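Welcome! Take a look at the sequence and the 3D picture below, and then let us walk through them together.

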Amino acid sequence: MDNHGSTGEDPTSEAKSPRILISVDMEGVSGIVHPRETNPDGYDYGRARALMTAEANAAVAGVLDAEPGAEVWVADAHGSYRNLLPEEIDRRARLVRGKPRPLGMLGGVDERTDAVLFVGYHVRAGAGPGVLAHTMSDALLDVRVDGRSLGEIGLNAAMAGHLGVPVVLLSGDDAACAEVRKLVPGVRTVAVKEALGQFAAACLHPEQARERLRRTAAEAVAGREDVRPFALSGPQTVEVDLAAAHTVDLAVLIPGVTRAGGARTVTFTAADFGEAYRVVLLLVQLGSIRPA
């Protein structure tokens with residue numbers, strides 16, 4: 001048989017298209033500074049939804065600029081997880097919305113995911129100054145994993161890392177950008193506003209923010225192989241400071257969760273970070289329960 005000119009490769013084989021998850025929160029979006037903008041009963045919530053959706057689309061466009069064949073998932077990761085406007089989302093992406101769902105803010109991520117982008121993220125509770133700083137909800141004052149305080153940025157990055165997935169980009173205020181850079185060497189950041197306090201910031205014009213986000217998302221996805229996942233080896237000891245004493249009473253009903261330190265701190269040991277993350281998500285839900 002004449003093999004002249006053969007490369008030895010299967011001409012029908014194709015490289016696997018990357019799968020990218022974009023987790024989109026609201027507090028770190030340019031132009032947003034107050035709870036009345038981020039809550040459904042607020043007077044400016046509709047505008048905030050539109051701003052959030054536009055930044056999500058800028059990230060989608062950047063991913064596809066770098067990888068036109070990528071499979072892009074967009075996870076609505078704020079509050080009810082029903083904020084992004086479905087009819088306005090880039091039709092090339094798949095939208096993950098609604099709760100409860102597996103892995104919360106990272107809905108849609110798994111071992112097949114090649115990279116995660118955090119859009120509209122904010123600094124952890126007690127840090128900053130940072131715009132609308134908190135950790136998961138007002139029910140949690142702090143989360144410490146083996147003594148290290150982690151907010152939504154760290155907890156979500158570690159959950160992605162547990163699955164072997166790197167966080168390659170974060171957009172938000174300057175404090176959020178600084179927080180992620182301490183955890184993930186090589187991550188790219190887009191500071192869309194400068195935090196002046198809990199409810200104040202100097203913001204980029206939304207169009208300028210989106211332009212920077214699109215450009216940097218493309219760079220981040222193209223350079224994803226250079227960023228290592230933020231993985232924490234298990235088992236882990238987790239301490240959670242809860243805002244309400246009655247939430248502690250509920251939390252200790254979970255097997256393995258006990259009171260620790262002050263009256264509002266609970267602790268547990270997790271076999272790995274996947275287990276730790278899920279218990280923290282459950283504590284967030286318990287914190288939404290009000291006494292009868």
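In what order do the strands of the open sheet lie? The order is β3-β2-β1-β4-β7-β8-β9, with seven strands and mixed pairing. Please keep in mind that this is a predicted model, where local features need pLDDT of at least 70 and side-chain atom pairs count only at pLDDT 80 or more, while totals for chains, interfaces and linings use all residues. Residues are numbered from 1 along each chain as its sequence is written, and side-chain values use heavy atoms, leaving out hydrogens and water.

**The sheet**

- Helices (H or I, at least four residues) and strands (E, at least two) are DSSP runs, numbered from the N terminus.
- Two strands count as paired if DSSP finds at least two bridges between them.
- Strands of a sheet pair through backbone hydrogen bonds, either parallel or antiparallel.
- Strand β1 (residues 19-24) runs parallel to β4, joined by five bridges, and Ser23 stands opposite Phe118 in β4.

**Strand β7 and its neighbours**

- Seven of the seven residues of β7 are buried (under 20% relative accessible area, with exposed over 50% and partly exposed in between, using a 1.4 Å probe and protein chains only).
- β7 pairs with β4 in the parallel sense over four bridges, and Leu169 in β7 is the bridge partner of Leu117.
- β7 also pairs with β8 in the parallel sense, over five bridges, and here Leu169 stands opposite Arg188 in β8.
- The chain goes from β7 through α4 to β8 in a right-handed β-α-β crossover, meaning that, with the strands pointing away from the viewer, the path from the first strand over the helix to the second runs clockwise.

**Helix α4**

- In α4 (residues 174-183), the buried residues are Ala175, Ala176, Cys177, Glu179, Val180 and Leu183.
- These buried residues pack against β4 (115-121), β6 (148-149), α3 (152-162), β7 (167-173) and β8 (188-197), where contact means heavy atoms within 4.5 Å.

**Helices α2 and α5**

- The axes of α2 (residues 45-66) and α5 (residues 206-222) come within 7 Å and cross at roughly 35°.
- Among the residues that meet here are Leu51, Ala54 and Ala58 in α2, and Leu213, Ala217 and Val221 in α5.

How values were computed: Axes are lines fitted to C-alpha atoms, for helices over the stretch in contact, and angles run from 0 to 180 degrees between N-to-C directions.
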